[in-house]
Amino acid sequence: MMLKLTDINTYYGNIHALKGINLEVSEGEIISLIGANGAGKSTTLMTTSGIVPAKRGTVIFKGQDITHVSPDKIVKMGICQVPEGRRIFPYLTVAENLDMGAFLRDDKDKIKDDIDYVYTLFPILADRRNQQGGTLSGGEQQMLAISRALMSKPKVLLLDEPSLGLAPIIVRQIFDIIKKINEEHKTTIFIVEQNANLALKAAHRGYVMENGVITLTDTGENLLSNEDVKKAYLGI
Amino acid sequence: MFRSIEFINMRLLKIILGITAVGIPGFFGIKEIIADPVYFMELFLGGLTRGSIYALIALGYTMVYGIIQLINFAHGEIYMIGAMTALIVASVLGLWGWNSAVIAILAFVFAIVYSCAYGFTVEKIAYKPLRNAPRLSALISAIGMSLFLQNYVMLAQTPNFLPFESLIPDFEFWEPFAHIITAVEMTIIVTTVITMILLGILIKFTKIGKAMRATAQDKVMASLVGINVNNVISTTFVVGSATAAIGGVLIACHVGQINFFIGFLAGLKAFIAAVLGGIGSVPGAVLGSLVLGISESLFTGYFWSEYEDVFAFTILVIILIFRPSGILGKHEISKV
């Protein structure tokens with residue numbers, strides 16, 4: 001098991017955001033977590049990344065308890081997050097943003113190869129390499145955010161709403177790349193999405209979340225044909 | 001429609017005020033400069049020296065503000081501790097009869113190391129526990145730290161002024177120019193320029209410099225790419241303390257005496273300079289410092305020297321009314 005969340009309870013002050021989440025991600029899988037606004041999807045990722053540690057419960061990564069490990073050490077262990085809203089460093093150039101993605105690495109030559117690799121994944125970034133991150137369009141920022149995360153050579157990639165606010169054609173392109181990363185590098189991918197249709201099609205398995213609890217879990221295909229899911233999230 | 005008239009009037013008012021503020025002194029200024037250019041040069045270079053010192057201190061304010069949005073009011077004290085350390089080291093080594101060049105170097109090194117240690121510790125004790133508290137708490141903590149350090153140095157050393165023998169020799173080759181700018185002033189300007197260049201390289205090109213900028217822009221994201229935010233904040237305090245220490249030792253050489261209180265006013269002036277340039281902006285701090293130093297020097301030279309401090313604080317009031325974001329400051333952009 002790559003990543004295992006057991007009975008996670010997370011609070012923001014007095015607000016009980018996650019009420020006993022259980023979730024598993026196997027090596028090489030694409031997992032989707034879908035649910036409405038405010039269900040606790042982003043919090044699940046923030047708890048995994050150590051930004052908002054769980055009050056109760058455990059996060060186990062490759063057999064190690066990382067529940068209370070600091071965020072930078074979690075990145076070092078191989079879990080990297082592309083947060084909601086992309087959070088590009090607006091006054092750093094595209095190239096500097098990528099350098100920051102490789103912050104924990106010392107192998108200079110390989111970093112260069114990896115930068116070239118992400119430029120082949122997203123050629124537009126190569127054209128914009130000396131431009132400040134804040135001047136990019138939403139789609140370009142999402143590409144940069146994913147590239148920046150790839151620079152840390154993650155074993156698990158956490159993606160928070162990669163489709164948010166983007167044109168459908170860009171969304172498709174980004175999901176194609178996500179699948180490609182998963183196939184080529186065997187990177188485990190954990191997607192949080194409101195766009196349930198897209199996320200479940202890409203995923204091997206999916207989880208459905210409501211008000212801080214997981215209500216349903218199955219393979220992506222089965223969830224797509226599940227009557228409740230159809231009604232609540234697919235609008236069919 | 002009423003609003004648009006109001007808007008135009010406001011602009012007109014600003015333009016008229018601007019022309020008056022620049023024009024009248026400008027007119028008399030040019031007359032004076034033509035009458036006695038050497039005196040003007042003296043004042044100008046004196047202002048440049050003063051501005052350099054402000055810049056060395058203001059950098060600490062602006063970098064710390066940029067990264068944790070805190071006005072570190074204890075920063076002036078770090079500068080004072082730098083000067084004090086240099087004084088103690090120089091006196092002791094002088095008693096032992098060491099070579100003056102070695103003394104100067106060691107005094108600088110010790111001043112920097114001590115100030116950095118103090119800057120680092122102040123952050124850990126007074127600000128880190130308040131990282132998630134309201135901003136006012138940290139500000140009050142900063143003022144408390146400032147008072148504590150002043151009184152601590154006063155008790156540990158002395159409340160009196162101590163003579164500070166210049167560590168910088170009067171270079172012989174400089175004799176012909178010494179009537180316009182002294183060797184010490186020249187050294188101050190050159191040292192400041194070198195420090196600025198090194199700092200610029202650090203911030204722009206090194207890994208830690210990029211991490212500092214990234215942390216200033218988005219702390220959560222910085223930790224999501226694996227940056228240890230606490231280390232970056234500590235580094236910022238240490239770098240700011242180092243430049244302040246350099247400023248402290250240089251000004252002590254220039255003025256020739258120090259006491260426990262010199263950090264207070266120098267710190268406030270540097271703070272004004274940082275606000276003038278746009279707090280949070282590194283080039284802004286340097287620019288603001290030079291503008292403040294030179295205008296202060298010209299003001300005291302041509303108008304009333306007793307009103308030197310009043311002048312600086314008047315500038316602060318004027319900026320806060322008309323351009324709170326400073327010369328190079330960005331308008332606060334709310335996060336998306």
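Mentor: In this predicted model, the largest cavity is lined by Asn72(B), Ala74(B), His75(B), Ile78(B), Gly119(B), Val122(B), Phe237(B) and Ser241(B). Its volume is about 50 Å³, and one cavity of 30 Å³ or more is found in the structure. Three helices of chain B each contribute two or more residues to this lining: α3 (75-95), α4 (100-127) and α9 (229-255). On the classes used here, four of the lining residues are nonpolar and four are polar, while none is charged.

A pocket, by contrast, is an open space. The second largest pocket has a volume of about 1200 Å³, and 30 residues line it. Nearest its centre lie Ala21(B), Val22(B), Pro25(B), Phe311(B) and Ile315(B). Helices α1 (2-35), α11 (282-302) and α12 (308-322) of chain B each provide at least two residues of the lining. The greatest contribution is that of α1(B), which supplies 12 residues. In its make-up, the lining of this pocket comprises 20 nonpolar residues, seven polar ones and three charged ones.

From these spaces one may turn to the place where chain B meets chain A. The contact involves 24 residues of chain A and 19 residues of chain B. The size of an interface is often expressed as the accessible area that is lost when the parts come together. Here, the area buried between the two chains is about 2000 Å², with carbon and sulfur atoms giving 64% of it.

Among the polar features, six residue pairs are in polar contact between chain B and chain A, with both partners at pLDDT 80 or more. On the side of chain B that touches chain A, the elements giving two or more residues are α7 (207-217) and α8 (219-224). Helix α7(B) has the largest share of that side, with six residues. By class, the residues on that side are nine nonpolar, six charged and four polar.

One of the salt bridges pairs the side chains of Asp99(A) and Lys210(B), at 2.7 Å from N to O. This pair joins two chains, because Asp99(A) lies in helix α3 (residues 94-101) of chain A and Lys210(B) in helix α7 of chain B. The pair qualifies as a salt bridge because a lysine side-chain nitrogen must lie within 4 Å of a carboxyl oxygen of Asp or Glu, and the distance between Lys210(B) and Asp99(A) is 2.7 Å.

Definitions and conventions: Residues numbered from 1 in each chain as written. Chains lettered and ligands numbered in written order. Predicted model: local features only at pLDDT ≥ 70, side-chain atom pairs only at ≥ 80, totals over all residues. Heavy atoms only, no water. Contact = heavy atoms within 4.5 Å. Buried area = accessible area lost by both parts, 1.4 Å probe. Polar contact = N/O pair within 3.5 Å; in protein donor to acceptor, adjacent residues only side chain to side chain. Helix = DSSP H or I, 4+ residues; strand = E, 2+ residues; numbered from the N terminus. Nonpolar A, V, L, I, M, F, W, Y, C, P; charged D, E, K, R; others polar. 1 Å grid on protein atoms, 1.4 Å probe; cavity = no way out; pocket = protein on both sides within 12 Å on 5 of 7 lines; lining within 4 Å. Points joined across faces, edges and corners; volume = space filled by probe spheres on them.
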